[in-house]
Amino acid sequence: MEPIIIARNLKKTYRMGNTKIHALAGVDIDVMPGEVCAILGTSGSGKSTLLSLLAGLEHPTAGKIFIRKKPTYKMNESELVDFRLKHIGFVFQSFNLMPTMTAAENVALPLMFRGVPRAVRMKAANRLLVEMGLGKHLKNMPNQLSGGQQQRVSIARAIIAKPEIIFADEPTGNLDSVTAEQIMEIMCGQVRKRGATLLFVTHDPTKAEYADQVIHIIDGKVAKRERHGPAAGKTAQAESETQGEET
Ligand SMILES: Nc1ncnc2c1ncn2[C@@H]1O[C@H](COP(=O)(O)OP(=O)(O)OP(=O)(O)O)[C@@H](O)[C@H]1O
């Protein structure tokens with residue numbers, strides 16, 4: 001099996017006046033299909049920059065990126081928009097829900113962009129939100145939901161169109177510790193159930209325990225790479241233990 005995400009000698013330099021900031025200084029990444037991968041590092045280490053480059057939201061200063069074997073670093077903006085729409089889902093620290101839409105309408109949005117008729121997409125959104133424990137909140141506006149509920153809505157929005165890859169930037173950064181654990185369980189559980197690939201950024205080593213692969217970033221470089229193999233993360237272990245009990 002080939003990696004679904006490959007980065008080679010990835011560099012990003014920002015200019016602030018006369019000063020150059022080497023946010024990424026030559027990073028190599030390989031993420032296998034179906035893997036849950038954590039990018040772990042302290043504030044300013046370059047995690048968000050890395051995610052942003054991998055997701056094609058910014059162009060690298062140097063280096064190569066291949067997603068699903070496609071050289072995304074060579075794509076122009078409209079090709080990237082199309083590529084993200086078809087293959088990638090996003091989860092953000094600050095949820096980024098549309099404030100004027102209900103929870104279900106927010107979840108249905110990626111299907112609208114794909115031309116799915118309203119009745120079909122709303123049915124799919126409602127079903128997914130019910131599965132994620134939000135059946136009583138389908139018609140709530142985002143400001144009528146707690147942080148954890150909003151993040152569940154945003155996870156549902158990220159996965160509804162069945163993208164192969166989900167990128168999450170500090171998905172539990174705005175949540176209390178108990179809610180954060182629940183969100184990690186739900187996000188990793190949903191991703192594993194669908195066989196999708198998840199790459200998430202965190203500064204918290206306890207969140208990185210949910211991953212099969214942990215890439216430690218220090219000062220824009222990979223300091224350490226831990227790979228436990230497929231199904232080694234926290235949710236995968238929990239799931240296999242549960243399955244063991246059932247059979
Ligand atoms: N648009 C930008 N212009 C200039 N410098 C930037 C820009 N974006 C990031 N940087 C700098 O690049 C470095 C890495 O930033 P990045 O946001 O990737 O770190 P991070 O690990 O995600 O940090 P945090 O956890 O605080 O979000 C930092 O020194 C930051 O100040």
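Reader: Which residues come nearest the ligand?
Author: The model is predicted. Around the ligand there are 13 residues. Those that come nearest are Tyr-14, Ala-23, Ser-43, Ser-48 and Thr-49.

Reader: Which element gives the largest share of the shell around the ligand?
Author: Strand 1 (5-16), strand 2 (19-31) and helix 1 (47-54) each give two or more residues to the shell. The largest share is three residues, and it comes from helix 1.

Reader: How many residues of the shell are nonpolar, polar and charged?
Author: The shell around the ligand includes one charged residue. The rest of the division is four nonpolar and eight polar.

Reader: Why does Leu-199 count as buried?
Author: Leu-199 lies in strand 8 (residues 197-202). A residue is buried if 20 or more other C-beta atoms lie within 10 Å of its own. Leu-199 is therefore buried, as its number of other C-beta atoms within 10 Å is 26.

Reader: Which residues does Leu-199 touch, not counting residues up to four places away in sequence?
Author: Leu-199 is one of the residues with the most contacts inside the largest nonpolar core. Beyond four places in sequence, Leu-199 touches Ile-5, Val-31, Cys-37, Ile-39, Leu-54 and Phe-167.

Reader: How far apart in space are Leu-199 and Ala-211, C-alpha to C-alpha?
Author: In sequence, Leu-199 and Ala-211 are 12 residues apart. In space, C-alpha to C-alpha, the distance between Leu-199 and Ala-211 is 8.7 Å.

Reader: What span should helix 4 have, at 1.5 Å a residue?
Author: Helix 4 (residues 118-131) has 14 residues.

Reader: Within what arc do the buried residues of helix 4 fall?
Author: The buried residues are Arg-121, Ala-125, Leu-128 and Leu-129. They line one face of helix 4, because seen down its axis they fall within an arc of 100°.

Reader: Against which helices do the buried residues of helix 4 pack?
Author: On the other side of helix 4, Ala-119 and Val-120 are exposed. The buried residues of helix 4 pack against helix 3 (103-113) and helix 5 (147-159).

Methods. Residues are numbered from 1 along each chain as its sequence is written. This is a predicted model: local features need pLDDT of at least 70, side-chain atom pairs count only at pLDDT 80 or more; totals for chains, interfaces and linings use all residues. A residue is near a molecule or strand if its C-beta atom, placed from the backbone, lies within 6 Å of it. Helices (H or I, at least four residues) and strands (E, at least two) are DSSP runs, numbered from the N terminus. Ala, Val, Leu, Ile, Met, Phe, Trp, Tyr, Cys and Pro count as nonpolar, Asp, Glu, Lys and Arg as charged, and the others, Gly among them, as polar. A nonpolar core is a set of buried Ala, Val, Leu, Ile, Met, Phe, Trp, Tyr and Cys residues joined through C-beta atoms within 7 Å. A residue is buried if 20 or more other C-beta atoms lie within 10 Å of its own, exposed if 12 or fewer, and partly exposed in between; C-beta atoms are placed from the backbone. Two residues are in contact if their C-beta atoms, placed from the backbone, lie within 7 Å. The expected span of a helix is 1.5 Å times one less than its number of residues. The arc is that of the directions from the helix axis to the C-beta atoms.
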